[in-house]
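Here is a short walk through one model, from its charged pairs to its strands and its core. Look at the structure first, then read on.

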Amino acid sequence: MADHAGKAVWNGDIKGSGTLTTDSGQLNAPYSASSRFEGKPGTNPEELIGAAHAGCYTMYLTSVLTKHGHTIENITTTSTVTMNPNDGHPIIEHIHVNTVGKVTGGNITPDDFQKHAEDAKANCPVSKALGAVPKMTLEAKLA
């Protein structure tokens with residue numbers, strides 16, 4: 001297995017800013033407290049967690065569906081990460097996964113898709129890493 005790393009560099013106090021990068025060079029993004037808490041331009045850790053989770057989840061779901069004889073035209077997943085300020089001790093309190101799949105072959109039913117989507121939610125590596133989040137919900141449907 002390969003190691004994959006992300007890096008953060010921060011300049012100044014909490015009103016400062018920083019840059020998030022990845023070893024692959026595919027991410028080089030500014031972030032700050034205002035991008036995290038006030039909706040200002042730049043990324044934030046929760047958005048990146050959501051993207052990583054959506055990517056991992058979608059790959060896992062694709063694998064499960066393929067193993068069951070289905071053909072995937074496309075799957076679109078959004079993982080929405082909700083953070084609660086929690087009196088100055090912020091916590092990620094909820095992640096909502098919304099996935100829509102255009103899947104053919106193997107006579108897939110909405111119930112089959114839901115079952116496979118639940119499997120991916122429980123077993124993709126990033127879902128497992130996010131196990132400390134108190135609530136993770138799923139909405140899954142065929143296109």
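**Salt bridges, strands and core**

A search of the whole structure finds three salt bridges, a salt bridge being a side-chain nitrogen of Lys or Arg within 4 Å of a carboxyl oxygen of Asp or Glu. The model is predicted, so local features need pLDDT of at least 70 and side-chain atom pairs count only at pLDDT 80 or more, while totals for chains, interfaces and linings use all residues. Residues are numbered from 1 along each chain as its sequence is written, and side-chain values use heavy atoms, with hydrogens and water left out.

One of the salt bridges joins Glu-46 to Arg-36, with the closest N and O atoms 2.5 Å apart. Glu-46 lies in helix α2 and Arg-36 in helix α1 (residues 33-37), so the pair ties together parts that are 10 residues apart in sequence. Helices (H or I, at least four residues) and strands (E, at least two) are DSSP runs, numbered from the N terminus. Glu-46 is buried, with a relative accessible area of 8%, whereas Arg-36 is partly exposed at 33%. Buried means under 20% relative accessible area, exposed over 50%, and partly exposed in between (1.4 Å probe, protein chains only).

Another salt bridge is formed by the side chains of Lys-102 and Glu-73, at 3.4 Å from N to O. Lys-102 is in strand β5 and Glu-73 in strand β4, so this pair ties together parts that are 29 residues apart in sequence.

β4 and β5 run antiparallel and are joined by 13 bridges; two strands pair if DSSP finds at least two bridges between them. They form a hairpin with six residues between them, and Asn-86 in the turn has a positive phi of about 50 degrees. Thr-78 stands opposite Asn-98 in β5. β5 is also joined to β6, in parallel, by eight bridges, and here Val-97 stands opposite Leu-138 in β6.

Among the 19 residues of the largest nonpolar core, Tyr-57, Leu-61, Leu-65, Ile-95, Phe-113 and Leu-138 touch the most other members. Such a core is a set of buried Ala, Val, Leu, Ile, Met, Phe, Trp, Tyr and Cys residues joined through side-chain atoms within 4.5 Å. α2 (45-67), β4 (71-84), β5 (91-104), α3 (110-123) and β6 (135-142) each supply at least two residues, and α2 gives the most, with four.

Elsewhere, three strands form an open antiparallel sheet in the order β1-β2-β3.
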